[in-house]
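Visitor: Could you walk me through this structure, please?
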Amino acid sequence: MANCGRRFGKDILERNYICDGILAGEATAWYEPEYKSLMENWNWFCHTMQPITRRKSEVEKRLDLKNGGYIEMWSLQDKDASRGRHYKRVVVNEAAKVPHLEYSWNAVIRITLADLQGGAFIGSTPKGLNYFKALFDRGNDPLEPEWSSFQYSTYDNPYIPVSEIEEIKRTTPELVFNQEIMAQFISME
C-alpha cells in the first residue's frame, strides 16, 4: 500500500513493480478507476516493452512478451473486471477514486491472486475516509503481517522544487494541501 501526495511518483513505483513481474515471465494486471485514466500507463507499457513484445491487443489492453510474461489492463468502471483471470502481480492505481473498491478488491482482484500466491501494489492519493484508507490501515496492523503500508508526501519527490510545494501551500486551503500534498486522510465533508 502506498499512500502518496500528488506528483510524488507513485506511477513510477507501480510501473517498476509490474515490470519486475512481466520481465520474470509473470502474469500481471493493472487496474485504474476508469478507462480514460489507464491510457497513459497503457501507452507507456506499449512503448517501453515494444522491443520484447510478442503480441499486443489494443482492444483487450493486453501485452504478451516474448518470455511468456504479460500485462492486462482493466478499468474498474466494471466492478467485476478481470473476474476469472489469475495473476502473480497486480497494481490498483488511484485506488481511492474507485467507488466500489471494497467489492472489487474482495470479490474479484484478491481472488485473482490466489492460485499463483500473488501480490498487490495498491496506490493512491487519499480522497476522504473510504475503503482505500481501510486497506492502508491494514498495513499498519500488527495482526496483518502480510500487509505493508507506506506514506509519502509530495515533498519526498526530489524532482519537485520545494518552492513550488510551498507556493501550493500558501495558495491552497489547508485541508486540500494536507490531503493532496501531505497524503493525509481527511474527511472533506
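Guide: Let us begin with terms: helices (H or I, at least four residues) and strands (E, at least two) are DSSP runs, numbered from the N terminus. Two strands pair if DSSP finds at least two bridges between them. The model is predicted, so local features need pLDDT of at least 70 and side-chain atom pairs count only at pLDDT 80 or more, while totals for chains, interfaces and linings use all residues. Residues are numbered from 1 along each chain as its sequence is written, and side-chain values use heavy atoms, leaving out hydrogens and water.

Visitor: In which sense do β3 and β4 pair?
Guide: Strand β3 (residues 53–57) pairs with strand β4 (residues 62–65) in the antiparallel sense, over four bridges.

Visitor: And which residue is the bridge partner of S57?
Guide: The partner of S57 is R62 in β4.

Visitor: How many residues lie between the two strands of that hairpin?
Guide: Four residues separate β3 from β4, and K61 in the turn has a positive phi of about 50°.

Visitor: New topic: what gives the most to the lining of the second largest pocket?
Guide: β7 does, with four residues. A pocket is an open set of points on a 1 Å grid over the protein atoms alone, where a 1.4 Å probe fits, with protein on both sides within 12 Å along at least five of seven lines; lining residues have an atom within 4 Å of a point.

Visitor: How does that lining divide?
Guide: It has nine nonpolar, four polar and three charged residues. Ala, Val, Leu, Ile, Met, Phe, Trp, Tyr, Cys and Pro count as nonpolar, Asp, Glu, Lys and Arg as charged, and the others, Gly among them, as polar.

Visitor: And the lining of the largest pocket?
Guide: The lining of the largest pocket divides into four nonpolar, seven polar and 10 charged residues.
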